[in-house]
Amino acid sequence: MSRVRLYLSNDTSSCAAGTERLAEAWRQRSGIELVRTSSRGAFYLEPMVERDSPEGRLAWCHVTADDLPRILAGDGGIPVSTIPFLSKQTRHTFVSFGMTEPLSLEAYQAQGGLAGLRKARQVSPSAIIEEIKTSRLRGRGGAAFPVWKKWDVAATTQADRKYVVANADEGDAGTYCDRMIMEGDPFRLIEGMLICARAIGAGAGYIYCRQEYPAATVCLRAAIRAAGEAGWLESGGQPFTIEVVSGAGSYVCGEETALLESLEGRRGVVRARPPHPAQSGLYGRPTIVSNVLTFATIPNILARGGAWHASLGTEGSRGTIALQLGGRVKQPGLLEIPFGLTLREVLDQFGLGMADGARLKAVQVGGPLGSLFTDAQLDIPICFDEFAKADAILGHGGIVVFDDQTDMLELSRHLMAFVADESCGKCVPCRIGSLRAREILETIQSGQATEADLSLLTELGDTMKATSLCALGSRAPYPVLSALQQFPVEFRSRVRS
Amino acid sequence: MKTPLPNELDEILTRARPAEGAPPNILRVLHAIHDVCGYIDPRFIPAIAQSQGVTEADVAGVLSYYPSLNTQPAGRHRIQVCLGESCLANRCDRVVEAIQSKLGIDLGQTTSDGCFTLEPVSCVGNCAVSPSVRIDGELHGRVRASDVAGFLDRYR
């Protein structure tokens, strides 16, 4: 009798939700073959087990080890294609997630992998950049800078060496799509870096991966080894090396110039710009620093054409966005959709509203530096320009939903304390400003503050916004001031008159 | 007085010495030592500085900058509680309280028997199944305060 093949995600969050326990419990069972795949991103269903059927994959959700007989009997599985959270998405970068084994070169190619790189190798470096220009891709790490412009600067700057650096320091709390790519589809990142290397003429690449992601680091190193053995790692007829470098717990190292300092082994202190890294980056050489998701978006653009990418999304925000739902929402998980749905539509259609018994109070988009939205503000379309108009950021696509139990003053203090801890110290507005802002918030908590302290907090915030060297200091006041503006009673009721 | 160096450290420093003309990389050496020892004894700073051709202040500066480089040995088991926003929204404060009261230590402290060190971490990227607690290498998701006692007993 042939063995029944069962698919279990090996993603860190799936394992934490229980797939690892299932794998351990079933490892010795006869009659089954366990295949560890990437994750579908529908984490609210984990631990989830899948098996093949004539109608495609069937899924069993919230599985315990005792469910095995039921699964083997084919009893109760639902077709994955009918899960609305997944079927309503438009997956391009995350298309093979949940299907394949992350380190299988064959599976990667069977899903269309390497088509982009092949295309890139058939055309000139300037034609690659032209394709990216046509795609109107903007960086996915937070700054949303047009990708082609960076590449063009690096390509046209004369230098003895150039570098490609993947920013895998996914530090924004509430985000995890880079982790999923590195653990679940590492060859896509590598392919994107190779295309960039060819476009700008780089000979070496680095992936700066945060230390909090040990599984991603292991997976990337294995993928780089496999890609090297398969002969993929070359650019312009020369070997192209890729090295994974571990961070050491510093949030600001996700800022591109601090990241370069850290890659060079120093304190992760922000550099003043210009020059931008594309002109003078790692060791003073032209360097493309882009987010993992940005690199992972590149192969499809080359394979399917820039015009295809530009046909998705909204006027200023082309393509798809990877949103990561977390907090008190009913269905937390990863979704990839074209830009343009409103925040409310995303929370309703994918998040399916609030967790049982919870009532929405505020939604933070874009990590710890992202602005807070109240229920009345959720009709904002998800795209760069609308968010910029609202003094908000999409950042790296993290969406955290807070319920009505949340103390907004304490949340504000927490966020400002985080910035005070993580400030690199180079510029005064951030180094001193975040500390003073935290102190004011603590004074309010202690009941000792006056109205003057609230004015001071606002004034301090405005100074930080206007004068900080990087986004850590200039964005830090936004969540706090948006909390103060939208939940004034929570602050003012604790202020002495 | 010269700090005696274990053989392992000598070996790491020799391997990490920059090639002729190549730039030093302090963080890389510190990682290498941390991986072996679990912490970096500040008494090693002069030897590290010498091996990299940099000043002691350069090494001390990098060592003090990065939160995950410890300068003292941690407990046998390292408990990291995530304080990221998704974990906060899902009441990780209750989990932290449960761990603190079970172990009788605060964040950043080690139990007197040297068994556990309790550390805060700002996000482990497990936001969709939060709150998160990592004990040594093992990550636990959807942790409730009532789970804590059972978890910790397994490590005693």
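## Domains of chain A

Chain A is divided into four parts: domain 1 (4-87), domain 2 (105-310), domain 3 (320-403) and domain 4 (408-492). The model described here is predicted.

Look at domain 3 and domain 4 of chain A. Their centres, taken over C-alpha atoms, are separated by 23 Å. The two domains touch: 10 residues of domain 3 of chain A are in contact with 11 residues of domain 4 of chain A. What classes of residue make up the side of domain 3 that touches domain 4 in chain A? That side has five nonpolar residues, four polar ones and one charged.

## The overall build of chain A

Chain A has 22 helices and 16 strands. Its C-alpha trace spans about 80 × 60 × 40 Å along the principal axes. How does the radius of gyration of chain A fit that of a compact globule? A compact globule of 497 residues would have a radius of gyration near 23 Å, and chain A has 23 Å, so the two agree.

Burial comes next. Of the 497 residues in chain A, 56% are buried. Contacts also reach along the sequence. Take the contacts in chain A between residues at least 6 apart in sequence: 74% of these join residues at least 24 apart.

Lys119(A) sits in helix 6 (residues 115-122) of chain A. Is Lys119(A) buried or partly exposed? It has 19 other C-beta atoms within 10 Å. A residue needs 20 or more to be buried, so Lys119(A) counts as partly exposed.

Which residues does Lys119(A) contact, leaving aside its neighbours within four places in sequence? They are Leu302(A) and Ala303(A). In sequence, Lys119(A) and Leu302(A) are 183 residues apart. In space, their C-alpha atoms are 6.4 Å apart.

## Where chain B meets chain A

Now turn to the second chain. On the chain B side, 36 residues are in contact with 44 residues of chain A. Which elements of chain B give two or more residues to this side? They are helix 2 (26-37), helix 4 (56-65), helix 5 (85-89) and strand 4 (138-140) of chain B. By class, the side of chain B that touches chain A has 18 nonpolar, 15 polar and three charged residues.

Chain B has domains of its own. Domain 1 covers 7-65 and domain 2 covers 77-153. The centres of domain 1 of chain B and domain 2 of chain B, taken over C-alpha atoms, lie 31 Å apart.

## One face of helix 3 in chain B

Helix 3 of chain B runs over residues 45-52. Its buried residues include Ile45(B), Ala47(B), Ile48(B), Ser51(B) and Gln52(B). Why do the buried residues of helix 3 of chain B line one face of the helix? Seen down the helix axis, they fall within an arc of 165°, so they line one face.

What do the buried residues of helix 3 of chain B pack against? Their partners are helix 1 (7-16), helix 2 and helix 4 of chain B. After helix 3 of chain B comes Gly53(B), with a positive phi near 70°.

## Backbone details: cis bonds

A cis peptide bond joins Arg273(A) and Pro274(A), with omega about -5°. Where is Pro274(A)? It lies in the loop between helix 12 (256-263) and strand 11 (287-291) of chain A.

Chain B also has a cis bond to a proline. The peptide bond from Ser130(B) to Pro131(B) is cis, and its omega is near 0°. Pro131(B) is placed in the loop between strand 2 (116-121) and strand 3 (133-135) of chain B.

## Backbone details: positive phi

Asp136(B) is a residue other than glycine with a positive phi, near 50°. It lies in the loop between strand 3 and strand 4 of chain B. Is Asp136(B) buried or exposed? It has 11 other C-beta atoms within 10 Å. The limit for exposed is 12 or fewer, so Asp136(B) is exposed.

Arg142(B) is also not a glycine, and its phi is positive, near 50°. Arg142(B) lies in the loop between strand 4 and helix 7 (148-153) of chain B. With 17 C-beta neighbours inside 10 Å, Arg142(B) counts as partly exposed.

Terms used:
Residues are numbered from 1 along each chain as its sequence is written. Chains are lettered from A and ligands numbered from 1 in the order in which they are written. This is a predicted model: local features need pLDDT of at least 70, side-chain atom pairs count only at pLDDT 80 or more; totals for chains, interfaces and linings use all residues. Helices (H or I, at least four residues) and strands (E, at least two) are DSSP runs, numbered from the N terminus. The radius of gyration is taken over C-alpha atoms; the globule rule is 2.2 Å times the number of residues to the power 0.38. Two residues are in contact if their C-beta atoms, placed from the backbone, lie within 7 Å. Ala, Val, Leu, Ile, Met, Phe, Trp, Tyr, Cys and Pro count as nonpolar, Asp, Glu, Lys and Arg as charged, and the others, Gly among them, as polar. The arc is that of the directions from the helix axis to the C-beta atoms. Domain bounds come from an automatic or database domain assignment.
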